[in-house]
Amino acid sequence: MYAPRRDAGFRSAPFGAGRCRVPPFSLSANENPYPPLPSVQELLHRESGRINRYPDRFVTELTGALSERFSVPAAHLAVGAGSVGVTAHLLHSVLGESGGEVVYAWPSFEAYPHLTRLYGGTAVEVPLRADHSHDLDAMARAVTDRTRLLIVCNPNNPTGTVVDHAELERFLDRLPGHVLVVLDEAYREFVRDARSVQDGIALYRDRPRLIVLRTFSKAYGLAGLRVGFAVCHEPIASRIRKSSVPFGVNSMAQSAAVASLGAEDELLARVEELVEERNRVQDGLRAAGLGVPVSQANFVWLPLGTDTEDFARACEAAGAHVRAFPGEGARVTIGEPEANDVVLGVAARFGGAGS
């Protein structure tokens, strides 16, 4: 088993409740609780002696490793500082000086509205369905002549829900030709409903306007190094690369990502443990009377409504930070079992709320 990850020191309570008296577990950022593999840590130690040199601006070795791993041409890849960095470069290239609309579900990844507005776009938020999943029909209806980009987060952050691949294919095929589609698969490795959830890289091959995002932050446990990538056809990948910040992916991130691809079997065994723990937590929350949608990510969503902030405060008082969306729900990362048990203990006092 892995050692529990606790935040360094004592942190201020996020809801103005004063300083927390318990060194809390961090279950608010969807981080992987495992430390890097020993082989990756050893490599990073060696690489630290070379940080006086600039990294490879063209990310050559990592691009080659990704090309081989996913059987895609190197020209179909764009690498950046996490999938957020790649998204930023994409929006910069798409919105340019003329702006335009970006359609996405809500609630979804909080970077979407921020980046859209940062690059001069207009955010068009489409509410999720009652089951906390994407309403693809409503998203299609939201498309206008000014729509430049449409984002589907699959699995969705913060709800953990997924889009059925037959429904997704019908949706993609009905969109007008001027709209690019991003399929954000940051949590792809945690999906276990493989019969209904299509791999985005399989979908992109004959869809020249589809962009698939992946990251090394979640399953691979390299969140602090910031490295992610897009898979898309060459004209779009080239646009992303041309909009990228020079030397935007540091040398340690590049080397760690290559090493992680080489140790993928060991890393995915850790993912399997997290999936098993996710199932245990979901079962425990439901046993406590909480209506929790099935998650295919490394977190669970508690639709607590007006009880959300009380739940988050109670978790913090017990020693665990969770991510509260006031009035909507709480997103709880699957962490070490000790941390998850803290949340389950609090949940037992909130049974039935928001369900």
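# Strands and pockets in a predicted model

Author: This is a predicted model. All 5 of the 5 residues of strand β6 (residues 180-184) are buried, so β6 is largely enclosed by the rest of the structure.

Reader: Which residues of β6 point which way?

Author: Leu180, Val182 and Asp184 point one way, while Val181 and Leu183 point the other way. Residues on both sides are buried.

Reader: In what sense does β5 pair with β6?

Author: Strand β5 (residues 147-153) pairs with β6 in the parallel sense, over 5 bridges. In that pairing, cysteine 153 stands opposite aspartate 184 of β6.

Reader: And which helix does the chain go through from β5 to β6?

Author: The chain goes through helix α6 (residues 165-174). This β-α-β crossover is right-handed.

Reader: How many bridges between β6 and β7?

Author: There are 4 bridges between β6 and strand β7 (residues 210-215), again in the parallel sense. Leucine 183 has valine 212 in β7 as its bridge partner.

Reader: Switching to β11. Where do its residues point?

Author: Gly329, Arg331 and Thr333 point one way from β11, and Ala330 and Val332 point the other way. With 5 of the 5 residues of β11 (residues 329-333) buried, this strand is largely enclosed by the rest of the structure.

Reader: An arginine in there. What stands opposite arginine 331?

Author: Another arginine, arginine 323, stands opposite arginine 331 in β11. Strand β10 (residues 320-325) and β11 run antiparallel and are joined by 3 bridges.

Reader: How many residues sit between the strands of the β10 and β11 hairpin?

Author: The hairpin has 3 residues between the strands. Glycine 327 takes a positive phi there, near 80°.

Reader: Parallel or antiparallel for β9 and β11?

Author: Antiparallel, over 4 bridges, with β9 covering residues 299-302. Leucine 302 stands opposite alanine 330 in β11.

Reader: What's the lining of the largest pocket like by class?

Author: The largest pocket is lined by 11 nonpolar, 8 polar and 3 charged residues.

Reader: And how much space lies in the second largest pocket?

Author: About 270 Å³ lies in the second largest pocket. Of its 17 lining residues, Val84, Phe109, Asn157, Tyr187 and Lys218 are the closest to the centre.

Reader: One last residue. Is glutamate 264 buried or exposed, and why?

Author: Glutamate 264 counts as buried because its relative accessibility is 11%, and buried means under 20%. Glutamate 264 is found in helix α10 (residues 264-287).

Reader: What is glutamate 264 in contact with, leaving aside neighbours within four places in sequence?

Author: Glutamate 264 is in contact with Arg69 and Tyr220.

Conventions:
Residues are numbered from 1 along each chain as its sequence is written. This is a predicted model: local features need pLDDT of at least 70, side-chain atom pairs count only at pLDDT 80 or more; totals for chains, interfaces and linings use all residues. Side-chain values use heavy atoms; hydrogens and water are left out. Ala, Val, Leu, Ile, Met, Phe, Trp, Tyr, Cys and Pro count as nonpolar, Asp, Glu, Lys and Arg as charged, and the others, Gly among them, as polar. On a 1 Å grid over the protein atoms alone, a cavity is a set of points where a 1.4 Å probe fits but cannot get out, and a pocket is an open set with protein on both sides within 12 Å along at least five of seven lines; lining residues have an atom within 4 Å of a point. Grid points are joined across faces, edges and corners, and a volume is the space filled by probe spheres set on the points. Helices (H or I, at least four residues) and strands (E, at least two) are DSSP runs, numbered from the N terminus. Buried means under 20% relative accessible area, exposed over 50%, partly exposed in between (1.4 Å probe, protein chains only). Contact means heavy atoms within 4.5 Å. Two strands pair if DSSP finds at least two bridges between them. A crossover is right-handed if, with the strands pointing away from the viewer, the path from the first strand over the helix to the second runs clockwise.
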